[in-house]
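Biologist: I would like a close look at a single part of this model, taken slowly, please.

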Amino acid sequence: MTHEDRLALARDLAQRILRKYGDAVLGIALYGSVARGADTAYSDIEMRVITDTSVAEHDVEYVHTSGAKIEINYEQFENYLRRAASVDTEWPIWAAIYRQYLVLFERGNFFAQARKAAESLTNEDFRAVQAQLIAEDLYELVQKIRGAWEQKREENLRWWAGRFLWFSVLWLGLANRKYFATGGTVWDEVRRFSVLPKNFEHQLTVLAGFRPSSVSEVYRAVEDLWSEVQKLAASQSVVWQSDEWLV
């Protein structure tokens, strides 16, 4: 199936959706690789349908006998706009859905509203989530990794080190105010960020397992990356520790 075939199929599906739900549909858009024109022979067709409140939010996901993998997400307009204007610790992964899409149908300039909502995020919004990600994930993982190092539990250390890298990459997305186009391009895209830890290429290579590394190399890479993330956090005025006992 070619890119043109997928576009034609997506347009056909959009018409089927409109026939089924009628005026309840405010917008239909393609997202993912097909919307960017970067799809391959193995790419899914991913669509988002924005509706009024008369249609319950739900997902339709299946493999057609033609071999096409279809994913259609139905989302009510208020939730769509709210989500577009929000940021959380996984924002670098899902934000593209609300920012990179190909409109197949819209009613009343709906997607202009969505673009305006997506542009409303502030530096304060990002800093708060950066602090949350450090406190809830990175710091906890560092402590687990240190414990595994002391106890000589290599399998645990390597597993948690991979998790630590992933959350660090999410943190760097937030620090750079950048989202990833797709999960398949994360490593290439993060390397191009302007704000990166010192020696990040080495840390990435070791922690992602791009080359064989000893357990001591993995441990040192974690400690180095953790130290550099803290420096970047301080440079961006991200406060992730509390001097009060909160209950």
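Biologist: Is Asn109 buried or exposed, and what is its relative accessible area?

Modeller: This is a predicted model, in which local features need pLDDT of at least 70 and side-chain atom pairs count only at pLDDT 80 or more, while totals for chains, interfaces and linings use all residues. Residues are numbered from 1 along each chain as its sequence is written, and side-chain values use heavy atoms, with hydrogens and water left out. Asn109 is exposed, with a relative accessible area of 56%; buried means under 20%, exposed over 50% and partly exposed in between, using a 1.4 Å probe and protein chains only. This residue sits in the loop that joins β5 (101-106) to α5 (110-118), where helices (H or I, at least four residues) and strands (E, at least two) are DSSP runs numbered from the N terminus. The phi of Asn109 is near 55°, which is a positive value in a residue other than glycine. Ser237, in the segment after α10, likewise has a positive phi in a residue other than glycine, near 60°, and Ser237 also counts as exposed, at 54% relative accessibility. A positive phi, near 75°, is found as well at Gly209, which follows α9. For α9 itself, six of its eight residues are buried, so this helix is largely enclosed by the rest of the structure. Those buried residues are Phe200, Gln203, Leu204, Thr205, Val206 and Leu207, and what covers them includes α7 (154-176), α8 (186-191) and α10, with contact meaning heavy atoms within 4.5 Å.
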